[in-house]
Amino acid sequence: MKLGFTEEDEAFRLSVAGWLQENLRGKFEKIRFCGGPGDEHRLFKERLGWEKRLVKGGWSGIGWPVAYGGRGCSLEQQVIFHEEYARAGGPGRVNHIGESLLGPTLIAFGSEQQKQRFLPNILAAEELWCQGYSEPNAGSDLANIATRATWSAQANKWRITGQKIWTSLAHAAHWCFIIARIDPDAKGHKGLGFFLVRMNQPGIEVRPITQMTGTSEFNAVFFDAAECDVDCMVGQPGDGWKIAMGLLEIERGVSTLGQQMLFQNQLAGLVRIAKANQAAQDPAICQRIADAHIGLKIMRYNAMRALSSNNAGHRLDRAGITCKLYWSTWHRNLGNLAMDILGPEAELVKNDRYELSWLQSLFLFTRADTIYGGTNQIQRNIIAERGLGLPRESRHP
Amino acid sequence: MDFSFSENQNLIADSAHAFLTDRSASSAVRAMMATAEGFDIALWHQITQQMGWHLTHIPEALGGLGMGYVELCILLERMGYHLLCAPFFSTVCLGVNALLVAATPEQRAATLKQTADTGKSYALAYTGQGRRWGVDSISGNYELVQDGAMLNGTYNYVIDGHTADRLIVAARKTGTHAEHGLALFMTDADAPGISRRWTPGMDQTRKLAEVTFDNVEIAADNILQKEAGSGDYCNQILALACIALAAEQVGVAEKSMALAVAYISERKQFGRAVGSFQAMKHKAADMLMRVEAARSAVYYAACIADEFLQQAPLGQELIEAASIAKAYCCDAAFFNAGTALQMHGGAGFTWEYDIQLYFKRAKAAQVSFGDSAWHKERLAQMILGDTG
């Protein structure tokens with residue numbers, strides 16, 4: 001066991017911090033600390049501009065292999081980048097679904113032709129992506145997908161019909177990756193395909209869903225015989241579930257690395273407010289701030305363990321599968337704490353357009369954290385079954 | 001950065017687990033907990049003379065094995081898991097640590113060498129009656145006299161105090177308060193003027209004692225006075241103890257979970273294993289999440305303790321890391337033990353099933369060396385500064 005990063009990694013940290021300091025200013029000053037879950041609707045165009053600046057600096061796809069135009073950074077360096085990015089107040093990445101989720105999935109499962117066609121435009125933030133997994137009747141039971149993909153020999157295309165829901169940024173995306181059922185007689189995770197579908201076409205309608213924050217960053221997406229080219233299915237028919245699960249693992253692994261620094265910014269913000277408004281004189285509030293501090297530090301140690309190379313065997317798996325339950329619960333509690341630090345002031349919104357403060361957004365949006373990406377209840381099923389070998393829930397008979 | 005166990009460290013864990021599975025089975029624990037001494041002297045000799053566990057983090061130059069706090073915590077985690085009844089925590093995590101932190105090089109060379117060779121056991125007399133464990137709870141008194149010091153006062157909650165060969169004593173100069181006027185002393189436990197009494201406890205697997213000093217003379221070279229600032233030393237000794245206790249509690253948390261999972265996998269109601277009900281599975285999942293988080297907290301703190309003992313820069317995080325580990329791990333262990341007890345149903349309330357032993361140990365750990373509220377208060381002061 002060794003704490004601390006290598007000299008090489010610390011030099012990398014300096015170069016990241018230096019670049020951010022030089023670039024995240026001027027016209028980009030106003031998007032600092034902007035965006036991210038719960039705040040995706042704000043200053044989208046400006047943040048897309050920032051994405052292009054990152055591309056120019058070589059900070060897009062830093063974890064991708066060099067062969068596919070990435071920077072080939074080690075996991076440690078990716079963590080460092082995420083940490084410095086959050087520390088500098090880097091805005092929520094509008095390209096993260098393509099860059100962090102689909103890109104690595106195509107690198108793992110895509111054909112050479114698909115890689116050549118899609119990866120460069122993801123890296124360049126020229127084509128934005130959204131993720132079409134959940135459906136009205138396929139939430140926790142994701143395998144209950146009803147969206148159909150049928151092969152039209154006549155058109156030489158796949159036709160997609162059905163409905164996706166909770167699709168973040170669908171209104172801004174050029175493409176959507178979906179899982180859809182190819183074999184109508186197959187049940188559960190069998191008979192599914194993984195498709196890349198162009199958003200701008202007559203067969204697709206995007207309807208925003210207004211969240212309890214009053215804002216909207218996800219959507220219902222309706223597919224009515226939407227077209228998908230023959231070479232836009234990833235893998236073979238029937239591979240859909242395997243590819244979707246591979247992607248979820250990426251989602252639960254690498255892309256959560258940076259969030260502790262974001263959380264730390266949030267906690268530091270709460271501490272500043274508590275000191276200013278005297279909440280910090282309340283011993284009960286002090287206890288909860290200390291509690292949040294403990295929880296966040298341990299979250300970081302958990303991530304360090306998960307990252308460490310030879311942590312093989314069941315202990316890593318056990319630590320890994322508890323991550324989502326751990327951080328989502330921590331973050332939800334932070335949202336509560338934010339309101340309680342504010343006291344009665346927590347009630348007042350900025351204006352008659354229901355514009356919320358960042359603390360109010362935090363409070364409300366952290367209620368989504370314990371739901372999306374597998375609810376806390378589903379997480380507990382997974383932990384109990386895979387981590388402790390308890391009997392599995394009955395699934396599709 | 002590498003936050004994982006080396007092959008050698010895994011080996012230490014495996015061999016400790018094998019040894020304790022054999023020597024600290026439930027029957028052995030129950031036999032020892034029924035005695036006043038609380039441990040089997042033959043087993044203690046085996047631990048010190050054959051296994052050499054007490055030497056783990058003592059530097060090689062002082063006759064130790066020269067490994068680190070991480071290795072020590074690996075052993076402690078297993079000891080907690082098996083509820084080992086032995087004066088290991090008191091000797092190594094209190095006695096040896098006090099000497100490492102506060103003794104002069106000459107004192108260290110003499111006493112640690114002796115400890116290494118003979119396996120003499122230690123206890124730390126620290127608090128009088130305070131429910132909190134800050135340095136202000138040190139209430140025993142000393143006066144400097146010609147050729148040494150004179151100790152007076154009554155100490156409570158002294159782990160293994162009635163059986164220890166040697167005592168480390170924290171005391172304050174008469175009339176001083178808080179971190180001022182503190183000093184640490186060492187003495188043979190049977191020196192004239194010392195009376196010791198076993199105070200039976202709810203957790204029978206770890207024995208507590210009351211130790212009274214009545215005009216006890218301490219020779220000058222038995223005063224641990226590396227420099228001025230014994231208040232810092234006391235805090236540091238306490239911090240190292242908290243990390244060690246937290247490591248034991250990771251073992252307690254894991255074993256509680258293991259007992260519950262085994263029970264609900266066997267027990268059938270409504271024609272199925274009760275472990276197949278989500279109400280049970282979700283409790284088990286909450287336990288596993290805490291075990292893993294607690295383990296992360298302990299091994300980070302253990303790395304910091306190593307940095308501290310080697311006077312490396314990150315050592316300055318010692319107090320913070322210790323409070324984080326103590327608060328989180330003790331609460332996690334108690335949550336797990338309490339949850340596991342509930343999951344046992346009626347069996348959990350019986351003397352026969354072992355979960356009650358873990359439940360009691362977990363509560364004992366929570367309330368000693370500063371409860372979670374006290375450690376959080378200390379952390380809040382670090383975070384919030386004077387406004388807290």
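Which residues of strand β1 (residues 129-132) of chain A are buried on one side, and which on the other? A:W129 and A:Q131 are buried on one side and A:C130 and A:G132 on the other, which leaves both faces of the strand covered. Buried here stands for under 20% relative accessible area, exposed for over 50%, and partly exposed for what lies in between (1.4 Å probe, protein chains only). The model is predicted: local features need pLDDT of at least 70, side-chain atom pairs count only at pLDDT 80 or more, and totals for chains, interfaces and linings use all residues. Residues are numbered from 1 along each chain as its sequence is written, chains are lettered from A and ligands numbered from 1 in the order in which they are written, and side-chain values use heavy atoms, with hydrogens and water left out.

Chain A as a whole comes next. Chain A contains 12 helices and 8 strands; these are DSSP runs, with helices being H or I of at least four residues and strands E of at least two, numbered from the N terminus. With a radius of gyration of 22 Å, close to the 21 Å from the globule rule for 397 residues, chain A is as compact as a globular protein of that length. That radius is taken over C-alpha atoms, and the rule is 2.2 Å times the number of residues to the power 0.38. Along the principal axes, the C-alpha atoms of chain A fill a box of roughly 70 × 50 × 45 Å.

Of the 397 residues in chain A, 52% are buried. Taking contacts in chain A between residues at least 6 apart in sequence, 71% join residues at least 24 apart, where contact means heavy atoms within 4.5 Å. Chain A exposes about 17900 Å², and carbon and sulfur atoms supply 53% of this area. Such areas come from the Shrake-Rupley method with a 1.4 Å probe; for residues, only the protein chains shown count as cover.

The strand pairings of chain A can now be followed. Two strands pair if DSSP finds at least two bridges between them. Strand β1(A) runs parallel to strand β4 (residues 175-181) of chain A, and 4 bridges join them. Within this pairing, A:G132 stands opposite A:I178 in β4(A). Strand β2 (residues 148-152) of chain A pairs with strand β3 (residues 157-168) of chain A in the antiparallel sense, over 5 bridges. There A:A149 stands opposite A:I160 in β3(A). The two strands β2(A) and β3(A) form a hairpin with 4 residues between them, and A:N156 in the turn has a positive phi of about 55°. β3(A) also pairs in the antiparallel sense with strand β7 (residues 218-229) of chain A, over 9 bridges. A:W158 has A:C228 in β7(A) as its bridge partner.

A:E40 sits in the loop between α1 (7-23) and α2 (44-57) of chain A. Its relative accessible area is 8%, so A:E40 is buried. Apart from neighbours within four places in sequence, A:E40 is in contact with A:G35, A:R47, A:H96, A:L169 and A:E217.

Chain B has backbone angles to note. Most residues other than glycine have a negative phi. B:Y157, although not a glycine, has a positive phi of about 55°. B:Y157 lies in strand β3 (residues 148-159) of chain B and is partly exposed, with a relative accessible area of 41%. B:Q311, not a glycine either, has a positive phi of about 55°. B:Q311 is placed in the loop between α8 (278-309) and α9 (318-343) of chain B, and its relative accessible area of 71% makes it exposed.
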